[in-house]
Every structure is written in structure tokens, then in C-alpha cells.
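Colleague: I would like to go through this model and ask what stands behind each label. Please show it first.

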Amino acid sequence: MSRFAEVIVLASDEAETMEPLTRPDDSREWSGCFTDIGQGMFGGWAIEFVRRSRWIGLLDHLESLPWKSPHSVQVLVHDEEDECFGLWMIHDGRLVEVPLPRTRRAFWPNSFTGEIDPDSPGILIRTDGPGGWPEGG
């Protein structure tokens, strides 16, 4: 499955935590390296993936890092079908998606099994745009 995705991590004073993710490491479940895009107190790191299989496990990995200030960590994910970036933050030790106003995440069944793949990111759709779901729907 070819699904481009961009992931941005924003975190205050976490350069030391993110530094290992800027180097190749074959032991990680996901592949690639983050690029430092934010100099200064509130740092930012970005990575782009060209296949869904390349970023499986990334969110779990980010959740497991020894963050100095987990409350400052924001992870933005934009999959190729998304209409906007989704936002994940650490709450109670877990990296969870924060619902954004006027958006809905949709999932579709696997064409072979008919089940929704638990590892599928789905797609984030605006409900206030043309063709979007109505707010109550």
C-alpha cells in the first residue's frame, strides 16, 4: 500500500530525546530519520514516509520515549488522503489523537477480510468542507 505521510513532532526542550531519531537505526520497527526543523526553545522535527509499512510502530515508539516534558509533546500526522493534519498528544502516559473541531476520522474495511485493520490510520476528513460529513452525521 503506497500511502505518503508527513509526521511533525513539536516538543519544548526535547532535542536530546529526539536526537537518536535523527540517525538511521535498523532496530526500529519504523524506518527513516527525522530532520530538525525547529531551532530554539520549542523544537520541531519532521519526517516523510512513502509507504504505510515504513511508519508502522512510529506512534508507539514516540509514546515510549523518555520525554522530560510529556505535556509539551505534539505530534502532527498528515496521511496522503487526510484533508488536514491530525494532532496527537500524550495524556496519562499514552499518545492519543486529540479530536479537532469539524473533523472526523473514517476507516474502511480491508478488501480481503471485510474487517477494519486495527493498524490503519484511516483518513481525517473535514466535516465543514464540500462533500464533508454533516456535523451530526
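This is a predicted model: local features need pLDDT of at least 70, side-chain atom pairs count only at pLDDT 80 or more; totals for chains, interfaces and linings use all residues.

Colleague: What makes up the fold, read along the sequence?

Modeller: The protein has 2 helices and 8 strands. Their order is β-α-β-β-α-β-β-β-β-β.

Colleague: How do you know that the radius of gyration agrees with a compact globule?

Modeller: For 137 residues, a compact globule would have a radius near 14 Å, and the protein has 16 Å, which agrees. Along the principal axes, the C-alpha atoms fill a box of roughly 45 × 30 × 25 Å.

Colleague: Why is the pair Lys-68 and Asp-13 called a salt bridge?

Modeller: A salt bridge needs a side-chain nitrogen of Lys or Arg within 4 Å of a carboxyl oxygen of Asp or Glu. The N to O distance between Lys-68 and Asp-13 is 3.8 Å, so the pair counts as a salt bridge. Lys-68 sits in the loop between helix 2 (58-64) and strand 4 (74-79), and Asp-13 in the loop between strand 1 (5-12) and helix 1 (15-18), so the pair ties together parts 55 residues apart in sequence.

Colleague: What makes Lys-68 partly exposed?

Modeller: Buried means under 20% relative accessible area, exposed means over 50%, and partly exposed lies in between. Lys-68 has 48%, so the label is partly exposed.

Colleague: Which residue forms a salt bridge with Glu-63?

Modeller: That is Arg-94, with the closest N and O atoms 3.1 Å apart. Glu-63 lies in helix 2 and Arg-94 in strand 6 (residues 94-98), so this pair ties together parts 31 residues apart in sequence.

Colleague: Is Glu-63 buried or exposed?

Modeller: Glu-63 has 16% relative accessibility, and the limit for buried is under 20%, so Glu-63 counts as buried.

Colleague: How many salt bridges does a search of the whole structure find?

Modeller: The search finds 5. As for the charges, the protein has 12 positive and 24 negative side chains, and the centres of the two sets lie 2 Å apart.

Colleague: What share of the residues is buried?

Modeller: Buried residues are 37% of the 137.

Technical notes:
Residues are numbered from 1 along each chain as its sequence is written. Side-chain values use heavy atoms; hydrogens and water are left out. Helices (H or I, at least four residues) and strands (E, at least two) are DSSP runs, numbered from the N terminus. The radius of gyration is taken over C-alpha atoms; the globule rule is 2.2 Å times the number of residues to the power 0.38. Buried means under 20% relative accessible area, exposed over 50%, partly exposed in between (1.4 Å probe, protein chains only). Lys and Arg count as positive and Asp and Glu as negative; His and the chain ends are not counted. The place of a charge is taken as NZ of Lys, CZ of Arg, CG of Asp or CD of Glu.
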